[in-house]
Amino acid sequence: MARVQLIAGNWKMNLDRAAAVALAKAVVEQAASVSGVELAVCPPFVYLDCVGKVVAGSAVALGAQNMYHQPNGAYTGEVSASMLCDLGCKYVILGHSERRHILGETDQQINKKVHAALAAGLSPIVCVGETLEEREAGRTLAVIREQFEGSLAGLSAEQMQKVVIAYEPVWAIGTGKVATPQQAQEVHGELRKLLAERYNHQLAEAVRIQYGGSVKPENAAELLQQPDIDGALVGGASLKADQFMGIVAGAKF
Ligand code: PGA
């Protein structure tokens, strides 16, 4: 079965309530004429409710940018998977490089979150990616393998099918330096090989692997036409409806 591409906007810590609602409305409106591609927006926690109301019943899914692995309890400041479900989330981004590198999240912590998200019925978008230093040292595929093994440990084939992997080279995030389609395809191909080795060929062919890192309308089509690239996780360009939809226009279906 062909993989449906997923274009997701990671709004990060941007916008205010009025701007978030306006952006969601514009995306929903423009998404009405799109078919064959799945869209999602991932606003900050505090705007999930108001944005969720805008996208409810539309072609645009709701996602969160993080969560905590415990179901409830005395964890001041944290948000659980069931709370995200309660607000209508379908997706949750886990292990984004900003959380790994700025907030110190480890593969082990990310793995706990992945299990908790799946148990609650969410589809995690699990990010992996090497730093510039690691790429220059020729360690890209080793780092990807390590993050794949660590962040996605202990998942059954059935669980893995609900996971989306996002390859986001750290050096390409928010820098304007996009990976070439060949650089991205190489890593995506490796991730699919890892899936086939751990599970089987059929499952490897079913799991979606997004690319993220400075995706813009101008470079989207070339990336999204690669055989193992199944969508995009978009930061900066997802904050403007026209740019986000320009990326969607480059999707293959
Ligand atoms: P960017 O961010 O598109 O601004 O590079 C991508 C991401 O962090 O998901």
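**Cysteines, ligand and pocket in a predicted model**

Reader: Is C127 buried or exposed?
Author: This model is predicted. The relative accessible area of C127 is 2%. Buried means under 20%. Therefore C127 counts as buried.

Reader: Which cysteine has the sulfur closest to that of C127?
Author: A disulfide needs two cysteine sulfur atoms within 2.5 Å. For C127, the closest cysteine sulfur is 9.6 Å away, which is too far for a bond. That sulfur sits in C42.

Reader: How many disulfides are there by this rule?
Author: A disulfide is a covalent bond between the sulfur atoms of two cysteines. The cut-off is again 2.5 Å. By this rule, the count is zero.

Reader: How far from C89 is the nearest cysteine sulfur?
Author: C89 is in no disulfide. With 8% relative accessibility, C89 counts as buried. The cysteine sulfur nearest to C89 belongs to C85, at a distance of 7.5 Å.

Reader: Now the ligand. Which residues come nearest to the ligand?
Author: There are 13 residues around the ligand. By class, this shell has four nonpolar, seven polar and two charged residues. Those that come nearest are K12, H96, E168, G174 and S214.

Reader: How far is a polar side-chain atom of H96 from an oxygen atom of the ligand?
Author: A polar contact is a pair of N or O atoms within 3.5 Å. H96 brings a polar side-chain atom to an oxygen atom of the ligand. The distance is 2.6 Å.

Reader: Last topic, the largest pocket. Which lining residues lie nearest its centre?
Author: The largest pocket has a volume of about 370 Å³. Its lining has 14 residues. By class, seven are nonpolar, four polar and three charged. Nearest the centre lie K12, M13, Q65, R99 and L103.

Terms used: Residues numbered from 1 in each chain as written. Predicted model: local features only at pLDDT ≥ 70, side-chain atom pairs only at ≥ 80, totals over all residues. Heavy atoms only, no water. 1 Å grid on protein atoms, 1.4 Å probe; cavity = no way out; pocket = protein on both sides within 12 Å on 5 of 7 lines; lining within 4 Å. Points joined across faces, edges and corners; volume = space filled by probe spheres on them. Nonpolar A, V, L, I, M, F, W, Y, C, P; charged D, E, K, R; others polar. Near = heavy atom within 4 Å. Polar contact = N/O pair within 3.5 Å; in protein donor to acceptor, adjacent residues only side chain to side chain. Buried < 20%, exposed > 50% of the residue type's maximum accessible area, 1.4 Å probe, protein only.
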